[in-house]
Protein chains: 2
Amino acid sequence: MINNLLINFAHEHKKVVPISLFVAVLCLCLVIGHLLEENRWVNESIVAILVGCIAGSILLLVTKGKSSHILTFDEELFFIYLLPPIIFNAGFQVKKKQFFHNFLTIMMFGVIGVFISTSIITGGSWWLFPKLNFLGLSARDYLGEIAIGTIFSSTDTVCTLQVLHQDETPLLYSIVFGEGVVNDATSVVLFNAVQKLDVSRLSGRAFRVLGDFLYLFSSSTALGVLTGLLTAYILKALSFGRHSSVREISLMMLMAYLSYMLAELLELSGILTVFFCGILMSHYAWHNVTEISRITTRHVFATISFIAETFIFLYVGMDALDIEKWRMTKLSSGSLMGIYGCLILLILVGRAAFVFPLSAFANSMMSRRAESGSSITFKHQIIIWWAGLMRGAVSIALAFKQFTFSGVTSDPVNATMITNTIIVVLFTTLVFGFLTKPLIRYMLPHNNGTRRNTNHEAAGTPGEDLNLPLLSFEESAATNISRAKESLSMFIGSPAYTIHHYWRKFDDAYMRPLFGGPHHNRSRC
Amino acid sequence: MINNLLINFAHEHKKVVPISLFVAVLCLCLVIGHLLEENRWVNESIVAILVGCIAGSILLLVTKGKSSHILTFDEELFFIYLLPPIIFNAGFQVKKKQFFHNFLTIMMFGVIGVFISTSIITGGSWWLFPKLNFLGLSARDYLGEIAIGTIFSSTDTVCTLQVLHQDETPLLYSIVFGEGVVNDATSVVLFNAVQKLDVSRLSGRAFRVLGDFLYLFSSSTALGVLTGLLTAYILKALSFGRHSSVREISLMMLMAYLSYMLAELLELSGILTVFFCGILMSHYAWHNVTEISRITTRHVFATISFIAETFIFLYVGMDALDIEKWRMTKLSSGSLMGIYGCLILLILVGRAAFVFPLSAFANSMMSRRAESGSSITFKHQIIIWWAGLMRGAVSIALAFKQFTFSGVTSDPVNATMITNTIIVVLFTTLVFGFLTKPLIRYMLPHNNGTRRNTNHEAAGTPGEDLNLPLLSFEESAATNISRAKESLSMFIGSPAYTIHHYWRKFDDAYMRPLFGGPHHNRSRC
């Protein structure tokens with residue numbers, strides 16, 4: 001029995017040590033991030049990655065290279081606990097008008113763009129890797145290649161939140177971030193489609209893939225919308241706030257998480273579901289709770305998301321030093337450099353190949369509109385191209401899912417793919433992330449100059465303006481409607497506003513009375 | 001590679017299913033708990049246990065008795081994730097004046113009381129169990145017996161939070177809850193002491209045990225106080241609020257959790273540490289953050305604690321139906337009934353044996369005081385005795401730690417001990433918990449009548465008065481000081497007020513300028 005106790009004790013401590021370490025380093029990150037807030041080059045994710053690297057190397061020195069266990073990347077932890085709050089918060093805080101205004105553009109980028117980018121990266125690596133003496137993968141199966149394409153094609157939503165600011169560059173933010181959300185669904189579909197189909201018949205069954213995508217997209221969205229509406233309805237019907245605001249906050253948190261888990265259970269895209277659940281909750285459910293719950297939820301979702309983001313980047317930084325994997329790759333450093341360079345080049349080309357043509361297409365679609373403000377200028381296109389280049393924790397998690405079994409691999413080819421992913425993620429996050437702020441400042445000096453003084457906020461954490469949630473949305477909605485009524489020519493010229501106008505009418509007449517929220521253009525229906 | 005993916009997928013889903021289930025059932029609990037709010041018999045924990053039992057039986061029916069895996073109680077989950085937020089929140093929201101005013105009484109109950117109760121339960125079971133044909137345990141080793149004593153002697157803090165309300169019965173709440181916090185440290189010391197020492201020499205080395213206890217208590221408290229002060233200092237010195245309130249909230253959450261983990265790492269009592277960390281944070285750190293952060297932290301700590309509590313009771317309810325353990329016990333139902341009855345009787349006697357004598361002692365100590373309000377009347381004693389009888393999730397977790405290896409046991413004696421614990425927990429929580437509300441209503445009709453209408457709050461979740469945090473403390477402090485100045489006889493008669501007075505002076509002169517918080521009796525030092 002004493003023995004049992006001791007074993008239990010050791011077993012327990014195995015978790016206590018890494019958790020203590022991570023929490024302590026997280027606190028450190030927070031303080032350093034705060035001190036570097038004024039710095040114009042560094043963002044939160046770079047701080048976290050660097051602190052993670054330093055902590056990892058200290059740990060390696062202290063334990064003399066043994067402690068790879070603490071550093072192992074656990075994709076379960078990532079997909080089950082860390083990702084959902086980040087994406088939910090993004091949906092909860094997103095400026096809905098901007099998002100839906102650019103909905104078509106976002107869908108094009110997120111769907112067609114990923115197809116283009118995946119085929120370029122897959123084809124490119126198929127063609128280039130054998131020339132760099134990296135044979136194992138392409139000789140063995142095509143799945144690995146497609147996997148590379150998918151892994152390196154998905155823009156990381158978490159990184160995007162870190163470099164683009166909703167208040168500074170709303171158009172760019174909504175396009176790049178929205179694309180990131182949508183392309184998660186595309187990746188899932190591509191993965192599943194490739195696994196089911198013969199590669200030779202893939203082209204013949206493109207319609208099937210498209211059908212799968214439409215099914216996945218619509219069912220994931222529907223699930224998120226339903227959960228959001230259900231939450232709003234429960235909160236409105238039972239009016240929890242009468243007794244305690246704690247129950248309201250709990251219910252919102254739990255339902256949001258439930259939507260993600262249900263989507264995963266039904267093999268849908270949890271990211272899409274929880275994103276739409278967040279949008280619906282901020283549109284309806286949030287209006288049915290007490291004032292205190294409103295302030296609390298708004299800030300607590302932002303806080304949890306912030307902690308999760310920092311945690312992920314720390315993890316990536318520490319994981320980069322897992323030397324076992326580095327030892328396992330049997331290639332010369334020359335070939336490795338070649339592979340890294342080649343991958344980064346392919347990512348650059350793959351993204352350019354869809355951002356510029358699709359932007360031009362989107363502009364030509366929108367050319368009938370009166371305002372020039374909503375068209376994507378060339379400068380915008382460059383920033384969209386650049387800001388979406390970052391590959392982050394999502395890529396690493398996908399790579400681990402694809403190339404390892406529960407975080408362990410014994411195959412040198414797989415180990416090489418893991419290290420490739422880590423290098424690409426570190427390089428893109430550090431270098432591209434580092435240059436994004438200056439690039440935006442250089443490309444859009446006006447936009448930045450007016451906002452800079454009021455908006456020093458940390459990435460993804462709009463601080464003081466959380467006091468006035470959704471205000472900008474309400475305001476713009478009212479403006480839209482008056483504008484739409486103003487002239488009939490506008491009405492014909494801008495179909496997006498028309499849809500928006502009818503949606504508002506429907507929302508006020510049927511949805512808001514049932515699910516809660518303020519009325520805008522009439523006092524009572 | 002496809003195979004890998006599939007295995008990974010199944011592996012992932014193994015967690016997705018139970019999490020979805022738990023979250024869904026949690027939401028259900030929340031809604032049912034809200035609907036039964038007005039009911040005078042039922043409390044939140046009973047609802048959760050019953051819902052857990054029902055969900056568990058439905059699950060057993062659906063899976064035809066196979067799904068014992070979902071129902072397994074994981075003591076790691078409990079001690080690492082669920083317990084810390086509950087205890088931290090208790091420290092954060094506790095009325096500090098009441099707590100420190102009764103400090104000596106609490107310490108007596110928590111230390112001497114546990115010793116008395118443990119010896120009675122240990123001795124009683126040693127004497128009674130063989131008569132009930134339950135031989136294995138007592139014949140094998142004395143550790144099991146002491147373990148039973150400790151497991152069944154510790155009042156469950158979580159249960160206490162559910163039946164006693166800080167605002168309705170502040171004296172009783174602070175004594176019973178404080179005792180629960182302190183007796184965790186006592187249990188840890190007893191456990192360790194017993195493992196190190198020979199039982200025959202235990203009596204001779206009682207001073208050693210006392211020394212160990214004093215060391216553990218003081219170092220755990222010191223760690224909690226230090227972490228709390230450090231957090232307050234960082235928040236004050238760096239003024240995070242200037243940039244974003246998200247960082248403030250994150251730092252408070254992370255530091256609180258870190259204090260618990262560090263205590264576990266250093267083999268101290270994490271419960272004591274995180275409790276004192278909570279007290280210090282609400283006293284200093286909380287005053288250094290922005291208004292928004294204050295509202296948010298106050299509610300979010302309450303919310304997380306609420307979710308964790310509900311989760312634990314659900315878990316206990318579902319775990320009760322883990323039929324494997326029931327099959328393993330080889331005793332007749334008659335002997336089992338005898339054992340259950342005997343254990344519950346011992347718990348009743350063991351608690352009575354220290355509550356009444358120690359209360360009398362505490363009263364005689366305090367008899368010099370002018371006010372009769374602070375003495376423990378006989379009615380109070382009965383409620384203290386009764387409300388502390390509940391054994392909850394902490395007992396189950398300790399039993400699993402002691403009698404199983406990672407939740408699995410193959411020994412019939414150990415299995416019997418686990419089922420004993422589950423039965424005792426269910427019985428005490430349901431029956432004693434059920435009767436506590438009516439008992440308080442019957443014993444203290446006045447106290448209850450005046451407060452009932454204003455305080456329908458869910459257990460542990462003071463809702464609307466969170467708006468005015470610490471106000472009662474500030475008020476009473478000011479009252480105390482004016483009262484203390486009023487007459488010198490009072491000053492001599494009530495040493496507690498004198499200590500409190502000097503503490504306030506010291507606090508205002510040295511602590512508050514350094515760590516933050518408002519000044520009371522002077523404008524500036």
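Colleague: How many helices and how many strands does the secondary structure of chain A come to?

Modeller: This is a predicted model, and in it chain A has 23 helices and zero strands.

Colleague: How much of chain A is buried?

Modeller: Buried residues account for 62% of its 525 residues.

Colleague: Why is B:Ala397 called buried?

Modeller: The cut-off is under 20% relative accessible area. B:Ala397 sits at 0% relative accessibility, so it counts as buried. You'll find B:Ala397 in helix 18 of chain B, residues 393-403.

Colleague: What makes the phi of A:Glu267 worth a look?

Modeller: Most residues other than glycine have a negative phi. A:Glu267 is not a glycine, yet its phi is positive, about 60°. The residue is in the loop between helix 12 (245-265) and helix 13 (270-283) of chain A.

Colleague: Why is A:Glu267 called partly exposed?

Modeller: Partly exposed lies between buried, under 20%, and exposed, over 50%. A:Glu267 has 46% relative accessibility, so it counts as partly exposed.

Colleague: What about B:Glu267, where is it placed?

Modeller: In the loop between helix 12 (245-265) and helix 13 (270-283) of chain B. B:Glu267 has a positive phi near 60°, and at 46% relative accessibility it counts as partly exposed.

Key
Residues are numbered from 1 along each chain as its sequence is written. Chains are lettered from A and ligands numbered from 1 in the order in which they are written. This is a predicted model: local features need pLDDT of at least 70, side-chain atom pairs count only at pLDDT 80 or more; totals for chains, interfaces and linings use all residues. Side-chain values use heavy atoms; hydrogens and water are left out. Helices (H or I, at least four residues) and strands (E, at least two) are DSSP runs, numbered from the N terminus. Buried means under 20% relative accessible area, exposed over 50%, partly exposed in between (1.4 Å probe, protein chains only).
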